[in-house]
Amino acid sequence: MPKLRVHNFTLSLDGYGAGPDQGVDEPLGVRGRELHEWAFATRHFREMMGMDGGDEGVDNRFAAAGDEGIGATVMGRNMFGPVRGEWPDESWRGWWGDDPPYHHDVFVLTHHAREPVEMEGGTTFYFVTDGIHAALDRAFDAAGGRDVRLGGGVATIRQYLQERLIDELHLAIRPVLMGSGEPLWQGIDLHALGYECAKSVAGERATHVFLRKRA
């Protein structure tokens, strides 16, 4: 059966998945870049961004695995961009330029309707206003038997976790303390929800922890 997977989601040691005050100038929040330095150093990420070089070790292997077998993506509106409330116009088309790194259909959760945005390279953004279950159903249909990736951000992953909809969750734990920002685990009892730790692997700049639903 196709799965809903989270990959390469970075957390600080104190459980924050993004820094505070996210916006156009700070898309990852204040100090958020510190969380993602492990990914920025990998060959996979650098190739995705059109750059040369990069490390090819453990971190790179897990970064690349996040794209394997994926046929569609679901993400929250905050991951798509900094615009809040009603869409003022159609000008915002994501953080990733004309050719986003998805190359498949992406379903963006929002309370405000918008026409689909077709990009270069096979990516089309669809804006879903009728909730997380509807977005996931549409994503599985679009994936054609492959898995669906849940891209984030923090609030979106929390919603899907609380409904026990995530099958596998890969966390990259960075040895930094944020102190504030977007907490992932606040009020969530993973054990009661039926999750377990499947494995943990030390990488060059992050520790990779894999959670899954218990059988």
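Tutor: E1 and E7 run parallel to each other, paired over six bridges. Strands here are DSSP runs (E, at least two residues), helices likewise (H or I, at least four residues), and both are numbered from the N terminus. Two strands count as paired if DSSP finds at least two bridges between them. This is a predicted model, so local features need pLDDT of at least 70 and side-chain atom pairs count only at pLDDT 80 or more, while totals for chains, interfaces and linings use all residues. Residues are numbered from 1 along each chain as its sequence is written, and side-chain values use heavy atoms, with hydrogens and water left out.

Student: Which way do E7 and E9 pair, parallel or antiparallel?

Tutor: Antiparallel: E7 (residues 168-174) and E9 (residues 207-213) share six bridges. His170 stands opposite Phe210 of E9 there. E9 also pairs with E8 (residues 195-202) in the antiparallel sense, over seven bridges. In that pairing, Tyr195 has Lys213 as its bridge partner.

Student: How many residues sit between E8 and E9 in the hairpin?

Tutor: Four.

Student: Switching topic. Which residues touch the most other members in the largest nonpolar core?

Tutor: Val74, Tyr160 and Ile166, out of 32 residues in that core. Helix H6 (residues 132-143) gives the most to this core, with six residues. Apart from it lies another core of 11 residues, including Phe80 and Tyr102. By nonpolar core I mean a set of buried Ala, Val, Leu, Ile, Met, Phe, Trp, Tyr and Cys residues joined through side-chain atoms within 4.5 Å. Buried means under 20% relative accessible area, exposed over 50%, and partly exposed in between (1.4 Å probe, protein chains only).

Student: What is Ile166 in contact with, leaving aside its neighbours within four places in sequence?

Tutor: Leu4, Val6, Leu150, Ile157, Tyr160, Leu161, Tyr195 and Lys213. Contact means heavy atoms within 4.5 Å.

Student: Okay, and Met178: buried or exposed?

Tutor: Buried, because its relative accessibility is 8%. Met178 is in the loop between E7 and helix H8 (190-193). Its C-alpha is 6.5 Å from that of Ser12, although the two are 166 residues apart in sequence. Beyond the neighbours within four places in sequence, its contacts include Ser12, Asp14, Tyr16 and Val30.

Student: Now charges. How many salt bridges does a search of the whole structure find?

Tutor: It finds 11. A salt bridge here is a side-chain nitrogen of Lys or Arg within 4 Å of a carboxyl oxygen of Asp or Glu. One of them joins Lys3 and Glu168, with the closest N and O atoms 2.7 Å apart. Lys3 is in the segment before E1 (4-12) and Glu168 in E7, so this pair ties together parts 165 residues apart in sequence. Lys3 is partly exposed at 33% relative accessible area, and Glu168 is partly exposed at 28%.

Student: What about Asp147 and Arg5, how far from N to O?

Tutor: That salt bridge is 2.9 Å, N to O. The pair links distant parts of the chain, with Asp147 in E6 (residues 147-150) and Arg5 in E1, 142 residues apart. Both Asp147 and Arg5 are buried.

Student: And where do Arg205 and Asp55 lie?

Tutor: Arg205 is in the loop between E8 and E9, and Asp55 is in the loop between H3 and helix H4 (58-65), so their pairing ties together parts 150 residues apart in sequence. Their salt bridge is 2.5 Å, N to O. Arg205 is partly exposed, with 35% relative accessible area, and Asp55 is partly exposed too, with 32%. Elsewhere, salt bridges that share partners join Arg43, Glu47 and Glu56 into one network.
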